Amino acid sequence: MSRSVTGRIQVASAPVAVSFGLQLPFIITHMDHFRLHPVLHRVLDWLPAVLSVLMIALESTATMSASNTSRWLYPLWVHLFGTPSPVQWEQIHHVIRKTGHFVGYGLVSLAFFYSWRQTLHRMAVKHWTLWRRASVLAVLCTLVVASLDEYHQSFLASRTSSPIDVGIDVCGAIAFQLVLLLIIQWFARRRPGYRAA
């Protein structure tokens, strides 16, 4: 902040500062202390990705096994849509769980996208290159998390491990990233001055 601007703020705010007993010059000269440390910025950039992995880790337990999720999904389904036959419910429950995989890992990819976008932006990667790289890295990170998740489930008696689930997870990540990139492209076309960085 320049001296002239600071001076105008001090003059304009003097009555308010006096009435509240504030030392405005002291506050202005020490405003830099309120800025976040660069390391803290980087930690906050990766917080969404860390939280998404934590969510997957908590989901990858016996608590979220098919038998347990059926206990609370079935009454909800009956309340909303009526009572299905046992065979119908088995199919419905299967679809709900696979949809959960698709959507859940799509959201995980968005969290990784944000973290990579922030990191690449700090590395001065600009415009569409930034978005494409962040998107590809987000999908790759989602693939790693999904593979580790299925590997972990192979050690749980109440869970099943399947490469098909990894495929569904990655398809969710790719779909979410494609939609995101289409939205970004739409904004870029609507606003000629818009920049991806």
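I counted 13 residues in α4, and the helix reaches 18 Å from its first C-alpha to its last. That is close to the 18 Å expected at 1.5 Å a residue.

Next I looked up which residues of α4 are buried, and found A49, S52 and I56. Seen down the axis of α4, the buried residues fall within an arc of 65 degrees, so they line one face of the helix. An α-helix has 3.6 residues a turn, so residues three or four places apart point the same way. On the other side of α4 I noted V50 and L58, which are exposed.

I56 turned up again when I looked at the largest nonpolar core, where I56 is among the residues with the most contacts inside that core. The others listed with I56 are Y105, F112, F113, W131, V145 and I184. The core has 21 residues. Helices α4 (47-59), α6 (86-122), α7 (127-153) and α8 (163-190) each supply at least two of its residues.

Last, I checked confidence. The mean pLDDT of the chain is 81, and 77% of its residues reach 70 or more. Where pLDDT is low, the predicted coordinates should not be read in detail.

Definitions and conventions:
Residues numbered from 1 in each chain as written. Predicted model: local features only at pLDDT ≥ 70, side-chain atom pairs only at ≥ 80, totals over all residues. Heavy atoms only, no water. Core = buried A, V, L, I, M, F, W, Y, C linked by side-chain atoms within 4.5 Å. Buried < 20%, exposed > 50% of the residue type's maximum accessible area, 1.4 Å probe, protein only. Helix = DSSP H or I, 4+ residues; strand = E, 2+ residues; numbered from the N terminus. pLDDT = per-residue confidence, 0-100. Expected span 1.5 Å × (residues − 1). Arc of directions from axis to C-beta.
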